[in-house]
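Hello,

Here is the structure I promised to pass on to you. Please have a look at it, and then read my notes below.

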Amino acid sequence: RKIDVSMAFIYSGYTPAISFIKNLDITNNSGLIEIDNNYETKIKGIYAIGDICNHQVKQVSCAVGDGAYVASIILR
């Protein structure tokens with residue numbers, strides 16, 4: 001199924017590249033995006049997944065699973 005979105009941001013690297021979201025006030029003091037249990041930020045409709053989030057586990061396999069989960073939420 002195809003999902004039309006305005007934009008998607010892919011993070012790659014050790015230091016989060018978050019300068020483009022600094023004005024949204026959705027990051028913590030460590031520069032990680034704060035999310036709820038459904039991976040949504042405090043701004044409705046903005047989700048974040050992977051290592052850029054305030055997760056304990058930082059693994060590609062977890063980020064892929066997070067992506068699938070968030071896609072299922074958006075498609076509901």
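This is a predicted model: local features need pLDDT of at least 70, side-chain atom pairs count only at pLDDT 80 or more; totals for chains, interfaces and linings use all residues.

**What I found**

Asp25 has a partner, Lys42, and the two form a salt bridge in which the closest N and O atoms are 3.0 Å apart. The two residues are 17 apart in the chain and link distant parts of it, although both Asp25 and Lys42 sit in the segment before α1. Lys42 is exposed, at 60% relative accessible area. In general, side chains of opposite charge can pair when their charged atoms come close. How many salt bridges does a search of the whole structure find? The search gives one.

Now for the overall picture. The protein chain has one helix and zero strands. That helix, α1, covers residues 60-75. Of the 76 residues in the protein chain, 24% are buried. If you take the contacts between residues at least 6 apart in sequence, 23% of them join residues at least 24 apart. The chain exposes about 5900 Å², and 53% of that comes from carbon and sulfur atoms.

Which residues make up the largest nonpolar core? There are 10 of them: Ile18, Ile21, Ile26, Ile33, Ile35, Tyr39, Ala48, Ile52, Cys53 and Val70. Leaving out residues up to four places away in sequence, Ala48 touches Ile33, Ile35, Tyr39 and Cys53.

Is Cys53 buried or exposed? With a relative accessibility of 0%, Cys53 counts as buried. Cys62, on the other hand, is partly exposed at 27%. As for disulfides, the count comes to zero.

Finally, the surface. Ile3, Val5, Ile74 and Leu75 make a nonpolar patch of about 320 Å² there. Ile3 belongs to the segment before α1, and its relative accessible area is 35%, so Ile3 counts as partly exposed.

Best wishes

Definitions and conventions. Residues are numbered from 1 along each chain as its sequence is written. Side-chain values use heavy atoms; hydrogens and water are left out. Patches are made of residues with over 30% relative accessible area and no salt bridge: like charges are joined within 9 Å, nonpolar side chains (Val, Leu, Ile, Met, Phe, Trp, Tyr) within 5 Å. Accessible areas come from the Shrake-Rupley method with a 1.4 Å probe; for residues, only the protein chains shown count as cover. A salt bridge is a side-chain nitrogen of Lys or Arg within 4 Å of a carboxyl oxygen of Asp or Glu. Helices (H or I, at least four residues) and strands (E, at least two) are DSSP runs, numbered from the N terminus. Buried means under 20% relative accessible area, exposed over 50%, partly exposed in between (1.4 Å probe, protein chains only). Contact means heavy atoms within 4.5 Å. A nonpolar core is a set of buried Ala, Val, Leu, Ile, Met, Phe, Trp, Tyr and Cys residues joined through side-chain atoms within 4.5 Å. A disulfide is a pair of cysteine sulfur atoms within 2.5 Å.
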